[in-house]
Amino acid sequence: MSFFRSDTPADLLKHLFIIVVLTAALIIGFFYVYLPITTNHGETIVVPKVTGMNQADLEDYLDERNLAYFVDDSTYNASIKPGTVLMQEPKAGEKVKEGRKIYVSVSMKNPPVIKMPKLTDGSVKNAQMILKSYDLVVGQLKFVPNIQKDAVLRQMVNGKEIAAGAAITKGTRVDLEVGDGLGNQEFPVPNLVNMPADEATTLLVGQGLQVGEIFYQPARNGETEGTVVKQRPVPDPNTTIRMGQLVDLWVAGSEPLKSIE
């Protein structure tokens with residue numbers, strides 16, 4: 001009697017066929033039955049619109065729709081009620097699976113604290129742009145006598161000067177003192193009549209005044225060409241002028257030709 005049994009080729013083929021069928025059944029069952037059941041394959045939810053809602057209402061609202069939420073950003077805006085949802089991701093109308101988290105951005109209750117920017121020594125236009133970029137509010141513009149026209153001289157909050165780098169909350173109103181281009185100092189109007197035009201303009205600049213318009217007219221009654229024959233304001237013992245003001249000149253002769261470089 002033999003203790004060993006040898007399978008015939010037909011038996012081997014039958015065994016291989018059974019193994020192949022079982023393997024295929026396992027693969028089909030895993031990918032087309034098990035995975036769809038465990039991952040809710042094909043079951044999607046349309047994301048509702050939550051922007052504009054209050055954060056306190058989100059949990060119940062999304063829980064009823066088998067969704068959740070997560071706050072990933074906060075922004076302060078004085079004109080928006082605290083806790084209001086500002087943005088969401090995914091957006092409303094997109095399809096997601098059950099249990100998906102909706103990432104939201106909400107408005108903060110308290111404004112964040114930042115460092116006050118340096119606005120002095122720059123122009124008022126530049127200061128306004130900087131304040132806006134820092135989410136600060138441009139307050140009153142107070143023009144004061146100073147030859148630095150449109151230059152920011154002081155930055156103020158609630159009537160007190162605030163230094164650059166000081167702590168300040170976003171949304172704070174910042175007032176600015178700005179130079180009006182005129183100085184405080186007053187002095188008699190200089191007499192420029194009969195002076196050469198170039199010397200007259202040099203004198204004006206030296207005294208902190210500005211040369212206004214220059215009018216040329218034909219020389220007459222022995223007037224020397226190139227000299228000042230009239231000015232505005234006129235020199236008068238009872239008339240004063242402030243630094244930064246304009247002085248117009250009338251010059252005898254024709255306007256000099258400009259050199260072409």
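Biologist: In which strand does D175 lie?

Modeller: D175 lies in strand β11. Strands here are DSSP runs of E with at least two residues, while helices are runs of H or I with at least four residues, and both are numbered from the N terminus.

Biologist: What should I know about the model itself?

Modeller: This is a predicted model, in which local features need pLDDT of at least 70 and side-chain atom pairs count only at pLDDT 80 or more, whereas totals for chains, interfaces and linings use all residues. Residues are numbered from 1 along each chain as its sequence is written, and side-chain values use heavy atoms, with hydrogens and water left out.

Biologist: Back to D175, then. Is D175 buried or exposed?

Modeller: D175 counts as buried, at 19% relative accessibility. Buried means under 20% relative accessible area, exposed means over 50%, and partly exposed is in between, using a 1.4 Å probe and protein chains only.

Biologist: What does the side chain of D175 reach?

Modeller: The side chain of D175 reaches the backbone nitrogen of Q140, at 2.7 Å. This is a polar contact, a pair of N or O atoms within 3.5 Å; within protein, one must be able to donate a hydrogen and the other to accept it, and residues adjacent in sequence count only if both atoms are side-chain atoms. Leaving out residues up to four places away in sequence, D175 touches G139, Q140, R154, Q155 and M156. Touching, or contact, means heavy atoms within 4.5 Å.

Biologist: Which residue stands opposite D175 in the pairing?

Modeller: M156 stands opposite D175. Strands β8 and β11 run antiparallel and are joined by four bridges. Two strands pair if DSSP finds at least two bridges between them.

Biologist: And what else does M156 stand opposite?

Modeller: M156 also stands opposite E161 in β9. Strand β9, residues 160–161, pairs with β8 in the antiparallel sense over two bridges. Their hairpin has two residues between the strands, and N158 takes a positive phi near 55° there.

Biologist: Changing topic: which residues of the largest nonpolar core touch the most other members?

Modeller: They are M116, L119, L131, I168, V174 and L176, out of 14 residues in that core. At least two core residues come from each of α3, β8 and β11. A nonpolar core is a set of buried Ala, Val, Leu, Ile, Met, Phe, Trp, Tyr and Cys residues joined through side-chain atoms within 4.5 Å.

Biologist: What does M116 touch?

Modeller: Not counting residues up to four places away in sequence, its contacts include L131, L136, Q155, I162, I168 and V174.

Biologist: Where is T120 found?

Modeller: T120 is in the loop between β6 (113–115) and α3 (124–133). T120 is buried, with a relative accessible area of 19%. Apart from its neighbours within four places in sequence, T120 is in contact with V152, L153, R154 and Q155. D121 is in the loop between β6 and α3 as well, but D121 counts as exposed at 66% relative accessibility. D121 has a positive phi of about 75° although it is not a glycine.

Biologist: Now the sheet with β13. In what order do its three strands come?

Modeller: The order is β13-β16-β14, in an open sheet with mixed pairing. The edge strands, each pairing on one side only, are β13 (210–217) and β14 (228–232). Strands β14 and β16 (residues 246–252) run antiparallel, joined by four bridges. R232 has D248 in β16 as its bridge partner.

Biologist: Which helix packs on the sheet?

Modeller: Helix α4, residues 197–206, packs on the sheet and touches β13, β14 and β16. Its direction makes about 170° with that of β16; axes are lines fitted to C-alpha atoms, for helices over the stretch in contact, and angles run from 0 to 180 degrees between N-to-C directions.

Biologist: What are the buried residues of α4, and why do they line one face?

Modeller: They are A197, A200 and L204. Seen down the axis of α4, these buried residues fall within an arc of 60°, so they line one face of the helix. The arc is that of the directions from the helix axis to the C-beta atoms. On the other side of α4, D198, T202, V205 and G206 are exposed.

Biologist: Last one: what kind of peptide bond joins R232 and P233?

Modeller: The bond is cis, with omega about 5°. P233 lies in the loop between β14 and β15 (240–242). The peptide bond from E89 to P90 is also cis, with omega near 5°.
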